[in-house]
Amino acid sequence: MNIRSYHSDDCQAVLSLFYETIHKINRRDYTREQIEAWTNNHNIDPTAWNLSLTHHKTLVAEMDNTIVGFGDLNGNFLDRLYVHAEYQRRGIATAIMDRLERYAAEQNYATIVTHASITAYPFFRDRNYQLVKEQQVERHGVFLKNMVMQKELLIK
């Protein structure tokens, strides 16, 4: 596995990974209506995503020239972390998070905060993220449950 910085050329692969992962993996924890709202009813704006991913600290994981995961930090906020549906449970999210947490510590952030989906909650809990609160977020008129979590970082 190779982990590297995001490039604009990656945008379409990242968008496909995001969409497919939610539809195949997160469907066990969310309704069809919630999944459609989460993925913006197939109307994902690639320009807005590329701008966001370019301005954040974004890492992608590749295997066999295929993007199999990505994650991004906006300051100390972990905005997104997704692993391709066909590559789950292979240490990809762990590898991306190890790098992002190290980067955040190097930037002297005391914590990382994220809004974990129901599906991702166990992953973050097992990485010593603490539950701050459960919340309902609105996406296109539909409410989805997620958990605000944070982790104290060891600053070097």
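**Close-up 1. The salt bridge between glutamate 101 and arginine 127 in the predicted model.** Glutamate 101 forms a salt bridge with arginine 127, and the closest N and O atoms of the pair are 3.0 Å apart. The two residues are separated by 26 positions and link distant parts of the chain, with glutamate 101 in helix H4 (residues 92–106) and arginine 127 in the loop between helix H5 (121–126) and strand E6 (130–139). Glutamate 101 is buried, its relative accessible area being 9%, and arginine 127 is likewise buried, with a value of 13%. Through salt bridges that share partners, Asp98, Glu101, Arg127 and Lys151 are joined into one network.

**Close-up 2. The salt bridge between arginine 4 and aspartate 10.** In this pair, arginine 4 and aspartate 10 have their closest N and O atoms 2.8 Å apart. Because buried means under 20% relative accessible area, arginine 4 counts as buried at 19%, and aspartate 10, at 7%, also counts as buried.

**Close-up 3. The salt bridge between glutamate 20 and lysine 24 within helix H1.** The side chains of glutamate 20 and lysine 24 meet in a salt bridge with an N to O distance of 3.7 Å. Both residues lie in helix H1 (residues 11–24), where they are four residues apart, about one turn of the helix. Glutamate 20 is partly exposed, with a relative accessible area of 34%, and lysine 24 counts as partly exposed at 42%.

**Overview. Salt bridges in the whole structure.** A search of the whole structure finds eleven salt bridges, including the one between arginine 4 and aspartate 10 and the one between glutamate 20 and lysine 24.

Conventions
Residues numbered from 1 in each chain as written. Predicted model: local features only at pLDDT ≥ 70, side-chain atom pairs only at ≥ 80, totals over all residues. Heavy atoms only, no water. Salt bridge = Lys/Arg side-chain N within 4 Å of Asp/Glu carboxyl O. Buried < 20%, exposed > 50% of the residue type's maximum accessible area, 1.4 Å probe, protein only.
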